[in-house]
Amino acid sequence: MKRTKLGFKAAALLLAVFFTLLALPLAGAMAAGSTIVIRNTVEEYWEGAEENWQLIGNFSIMGSHLPITTAQLVILAWDVDAPRETDRIRVRNTTTNATALVGILTGMDYEDNTTVLDVPASFLTEGDYALELDMGTTDEGVFAYKNTWIVEIKSATLILNGGLSTFSASVSFTASGTTVDTLLSLANLIEGNYNLEYKFTNLTEGRQIASATSTHNAAGASALIPLTLTLDPDDAIDENAAYQLDVIITGGNDIVTARAIKAALETGGDTYYMITIKTNQGGLTSPSNPAFALAGGDSPEIFFNPDPGYTVKNVKVDGVSVGALKSYMFKAVTADHTIEVEFAPLATPPQTGAASMLGLAVLSLIASAGFAFAARKKD
């Protein structure tokens, strides 16, 4: 459909096995810092074009991010088709036009693949940046442009270690009749605008009944922000129902969600409790919500899904370690709970004498047999 695909003979296959044995795991997650979402949109494709770096997304480094000790790009892409397709990634300072080539996407054809790339921390100073993609081929061992290929970048996230932690937020509310009075507390702010998105949900009925947006111009490090939501008469507060308020705060490139839950009265309806999930980089949980409410007596099971190259290192429930589990079930919940999942890179297996001998054998075989390439067009 769009490109030729590389076929390897036996020598090339053995070389792949050899380098698989030597491959390092993905770098571990950082303990502190900030996460910048550069792109989180699907259904847009990039096509190869001669000497044409194409924009994936823009981001800014702010004073609160500095000093940066390490930085990693995590990119989710579809249809990478490595190694023959060569999708180069760079970061460009949009003020000075200085660039840093950070690496090449890895992955298979017609599949989702995650690539983790190290960005030189010394290159990232306060300012505005562009994340860019350049597509080509290394058919002859040297990079060359090929304008018949495509790739889809689904998401791109920059993880920074160092600097100040991202701002924090908490929210509370009181509700009666058709009025919901909210109070949002923000801390560790830097000067600038923060966008606030409010969502008020009737948990008992499972539907959102009010929403609002607002902007806060931060002049200090903290703020208390009141806001009143007005409900439709048909959605007036029912004391026998449970309600949830979410406020999504976007400031600069950081996104924080604050949540408050009102449980139903014990004299009518269910009593609701909140399960809070905390994870580091390196995997996801199912459900993936950072917090969710459930009726008393329910027994939810949380599943832990490490990314490729990662494993579950430890799980804590209400601050107590329960070991490296694949899942955890809360039985007949009667209180709020917090579960923390720590993912870690898989250990690199030590090279053995046999592995070293295999490497020598592979290199010898390649030197004598060489590569043979078989090209074919995709349907």
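Two strands are said to pair if DSSP finds at least two bridges between them, and strands themselves (E, at least two residues), like helices (H or I, at least four residues), are DSSP runs numbered from the N terminus. In this sense Val180 stands opposite Leu229 in strand E16. The structure is a predicted model, in which local features need pLDDT of at least 70 and side-chain atom pairs count only at pLDDT 80 or more, while totals for chains, interfaces and linings use all residues. Residues are numbered from 1 along each chain as its sequence is written, and side-chain values use heavy atoms, with hydrogens and water left out.

**The chain as a whole**

- The secondary structure of the protein chain comes to two helices and 27 strands.
- Of the 379 residues in the protein chain, 40% are buried, where buried means under 20% relative accessible area, exposed means over 50%, and partly exposed lies in between, with a 1.4 Å probe and protein chains only.
- Among the contacts in the protein chain with a separation of 6 or more, 71% are between residues 24 or more positions apart, a contact being heavy atoms within 4.5 Å.
- The protein chain exposes about 19400 Å², of which carbon and sulfur atoms supply 53%; accessible areas come from the Shrake-Rupley method with a 1.4 Å probe, and for residues only the protein chains shown count as cover.

**A sheet of three strands**

- Strands E12, E13 and E16 form an open sheet in the order E12-E13-E16, with antiparallel pairing.
- Strand E12 (168–176) and strand E16 stand at the edges, each with a single partner strand, so one side of each is left without a neighbour in the sheet.
- The twist in this sheet averages 20° from one strand to the next, with axes taken as lines fitted to C-alpha atoms (for helices over the stretch in contact) and angles running from 0 to 180 degrees between N-to-C directions.
- Strand E13 (residues 179–187) and strand E16 run antiparallel and are joined by eight bridges, and the bridge partner of Leu183 in E16 is Pro226.
- In a regular strand the side chains alternate between the two faces of the sheet.

**Salt bridges**

- Side chains of opposite charge can pair when their charged atoms come close.
- Counting as a salt bridge any side-chain nitrogen of Lys or Arg within 4 Å of a carboxyl oxygen of Asp or Glu, the structure has seven salt bridges.
- Glu132 forms a salt bridge with Arg92, with 2.9 Å between the closest N and O atoms, and this pair links distant parts of the chain, since Glu132 lies in strand E9 (residues 127–137) and Arg92 in strand E6 (residues 85–93), 40 residues apart.
- Both partners are buried, Glu132 at 5% relative accessibility and Arg92 with a relative accessible area of 18%.
- Asp112 forms a salt bridge with Lys154, the closest N and O atoms being 3.1 Å apart, and it connects strand E8 (residues 112–119) with strand E11 (residues 150–162), the two residues being 42 residues apart.
- In this pair Asp112 is partly exposed, with a relative accessible area of 42%, whereas Lys154 is buried, with 19%.
- Lys199 forms a salt bridge with Glu197, where 3.8 Å separates the closest N and O atoms; Lys199 is partly exposed at 28%, and Glu197 is partly exposed at 34%.
- Shared partners join the salt bridges of Arg90, Arg92 and Glu132 into one network.

**Aromatic rings**

- The structure holds six aromatic pairs, in which rings of Phe, Tyr and Trp (its six-membered ring) have centres within 6.5 Å, with planes under 30 degrees apart counted as stacked, over 60 as edge-to-face and the rest as tilted.
- The rings of Trp78 and Tyr110 have their centres 5.7 Å apart and their planes at 45°, so this pair is tilted.
- Trp78 lies in strand E5 (residues 68–78) and Tyr110 in the loop between strand E7 (99–104) and E8, 32 residues apart, and Tyr110 is partly exposed at 35% relative accessibility.
- The rings of Phe200 and Tyr243 have their centres 5.5 Å apart and their planes at 5°, so this pair is stacked.
- Phe200 in strand E14 (residues 192–202) and Tyr243 in strand E17 (residues 243–251) are 43 residues apart, and Phe200 is buried at 0% relative accessibility, as is Tyr243 at 0%.
- Ring pairs also link Phe59, Phe123 and Tyr129 into a cluster.
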